[in-house]
Amino acid sequence: MSDARQRLLELARDRGASLAGLSHLIGRNPTYLQQFVRKGSPRKLEERDRRTLAEFFGVAESELGAPGDKSYTPAPTRGEWIEVPRLSLDASAGAGALGAREIPFDVFRFSRRWLREMGLEGADLTAIRVEGDSMEPLLRSGDEIFVDRHKRGGEGIHVVRIGDALHVKRLQAAAQGRIKLVSENSAYPPIELAREEVEVIGRVVWKGGRV
């Protein structure tokens, strides 16, 4: 196995990322990097794919097979900006969407001042996209929402996982040991489940979308 293939495996294991998830990150089919590592096909990574992976892992491109003069040095984080990762997940506002591996494919960059003014300074934010119409008119399909993973309790709009499916719903208290998931769209009836059946990912604290 070449050094580049071995290094990619090591980096993936250290980050807890699957080769299928990393293939998705670079816009390839799920078996692309598996074939690269195990079968040597392709013989080397394309420059664009190599750069994306190097940026994701924060390593030099040369570690993934680039010539010695092709390197990536992570830019220092600007003190006035915060990067919010966009995840390859869809939070369903309908029947439920299957969650993919949590690998950022992009970021939103916001000023610390803006986040402070919005009351979001210090929040553990991730951005995901809404699918479906059950939270309309508050949230529409295609909206981007910010989820604060530090806030996982109380009533309000949250992203939750039920089995393998993600949902965005309004949480309400129910009978002891149970939780109610309520849609904004009255066409969708409330769902009541045992508390242990629901994993609360975080509270929705911001939304953005087309007008």
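Gly208 belongs to strand S10, which spans residues 199-208. In this predicted model, Gly208 counts as buried because its relative accessible area is 18%, below the cut-off of 20%. Leaving aside residues up to four places away in sequence, Gly208 touches Asp143 and Glu144. The C-alpha atoms of Gly208 and Phe146 lie 8.6 Å apart in space, although 62 residues separate the two in sequence.

**The chain as a whole**

- The chain contains five helices and ten strands.
- Of its 211 residues, 39% are buried.
- The accessible surface amounts to about 11900 Å², and carbon and sulfur atoms account for 47% of it.
- Among contacts with a separation of 6 or more, 55% are between residues 24 or more positions apart.

**Confidence of the prediction**

- The mean pLDDT of the chain is 80, and 83% of the residues reach 70 or more.
- Where pLDDT is low, predicted coordinates should not be read in detail.

**Nonpolar cores**

- In soluble globular proteins, nonpolar side chains tend to be buried together.
- The largest nonpolar core has 20 residues, and those touching the most other members are Leu8, Leu22, Leu33, Leu53, Phe57 and Leu64.
- At least two residues of this core come from each of the helices H1 (3-15), H2 (19-25), H3 and H4.
- Leu64 touches Ala4, Leu8, Leu11, Leu45, Arg50, Leu53 and Ala54, when residues up to four places away in sequence are not counted.

**Helix H4**

- The buried residues of H4 are Asp49, Arg50, Leu53, Ala54, Phe56 and Phe57.
- Viewed down the helix axis, the buried residues of H4 fall within an arc of 160°, so they line one face of the helix.
- Gly58 follows H4 and has a positive phi, near 70°.

- Strand S6 (residues 156-162) and strand S7 (residues 165-173) run antiparallel and are joined by seven bridges.
- Arg161 has Leu166 in S7 as its bridge partner.
- The hairpin of S6 and S7 has two residues between its strands, and Gly163 in this hairpin takes a positive phi near 65°.
- S7 also pairs with S8, again in the antiparallel sense, over four bridges.
- Arg170 has Val182 in S8 as its bridge partner.
- The hairpin of S7 and S8 has four residues between its strands, and Gly177 in this hairpin takes a positive phi near 80°.

**Cis peptide bonds**

- Ser41 and Pro42 are joined by a cis peptide bond with an omega of about 5°.
- Pro42 is located in the loop between helix H3 (32-39) and helix H4 (47-57).
- The peptide bond from Glu136 to Pro137 is also cis, with omega near 5°.
- Pro137 is located in the loop between strand S4 (125-131) and strand S5 (144-148).

Conventions: Residues numbered from 1 in each chain as written. Heavy atoms only, no water. Core = buried A, V, L, I, M, F, W, Y, C linked by side-chain atoms within 4.5 Å. Buried < 20%, exposed > 50% of the residue type's maximum accessible area, 1.4 Å probe, protein only. Contact = heavy atoms within 4.5 Å. Areas by Shrake-Rupley, 256 points an atom, 1.4 Å probe, with all protein chains shown as cover. Arc of directions from axis to C-beta. pLDDT = per-residue confidence, 0-100. Pairing = 2+ DSSP bridges.
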